[in-house]
Amino acid sequence: MVQNGCLMSKDNLLGNLELQQISFHYPSRPDVPVLQELSVNIHSGQTVAFVGSSGCGKSTSVQLLQRFYDPCQGALLFDNTNIKDFNVQWLRSQIGIVSQEPMLFDCSIAENIAYGDNTREVPLEEIQRAARAANIHSFIEELPEKYNTSVGGKGTQLSGGQKQRIAIARALIRSPKILLLDEATSALDNESEKVVQQALDQARKGRTCIMIAHRLSTVQNADVIVVMKNGRVIEIGTHQELLTKRGAYFQLVNAQAII
């Protein structure tokens, strides 16, 4: 893709993101501000977690990044270019997403992983590489039909942790510059969460990662934690820095008893 006279490809993308004074309200509720002058800098390769109570604007920020909506005011930059200047399909092809409830299709494991990049025929070797990165390859190899195993309707043949790791492999198959983790472990039990969290830690190496989380145990190792309230940033820093402040983040952590 050519942008501002330069050829944009995965090789020369860095993955820097900047939210500049973003204000937003949904078209159906113009009198209810969702984001208010939100400003955050996210450097290439960083893991940044957005936390806060429900309705604070965490998920809306991610929706703006995917161009489901555009800011009412302010700008969102990807490698110093306003994302409005990019082709939407191209922009989304640079983003891998792992959500709370992954949607799996009633076909084989290989087909479900390959669906992450449906612009081409994905070789089995790439599918296996993504599965290894998602910590699911050894489990698949133990199945009688291996990668040809059907997952069943909505993935009913798999556990929650197994489905989530296949969703991680699907997100990685396109080699995204940006990884979005939207409550990726919140529906799992503690044991499954540990296994999936290991896969996520591996998956975010070398790429910019944005985490949306209620379970604060999953964000302690983030490079930056952004605490939001009523669409604004009220605190920002590392886990230890924010605990030392004994402010809003400290209260959230204390309520979940993870100190």
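Reader: Why is Tyr69 called partly exposed?

Author: Its relative accessibility is 29%. Buried means under 20% relative accessible area, exposed over 50%, and partly exposed in between (1.4 Å probe, protein chains only), so Tyr69 counts as partly exposed. A word on the source: this is a predicted model, where local features need pLDDT of at least 70, side-chain atom pairs count only at pLDDT 80 or more, and totals for chains, interfaces and linings use all residues. Residues are numbered from 1 along each chain as its sequence is written, and side-chain values use heavy atoms, with hydrogens and water left out.

Reader: How do you know whether Phe24 is buried or exposed?

Author: Phe24 has 4% relative accessibility, so it counts as buried. Tyr26, at 16%, counts as buried too.

Reader: What makes the pair of Phe24 and Tyr26 edge-to-face?

Author: Rings of Phe, Tyr and Trp (its six-membered ring) pair if their centres lie within 6.5 Å; planes under 30 degrees apart count as stacked, over 60 as edge-to-face and the rest as tilted. Here the centres are 5.0 Å apart and the planes stand at 80°, so the pair is edge-to-face. Tyr26 and Tyr69 also form an edge-to-face pair, with 5.1 Å centre to centre and 80° between the planes.

Reader: Why is the pair of Tyr26 and Tyr69 said to tie parts together?

Author: Tyr26 lies in the loop between β3 and β4, and Tyr69 in the loop between α1 and β6, so the pair ties together parts that are 43 residues apart in sequence. Helices (H or I, at least four residues) and strands (E, at least two) are DSSP runs, numbered from the N terminus.
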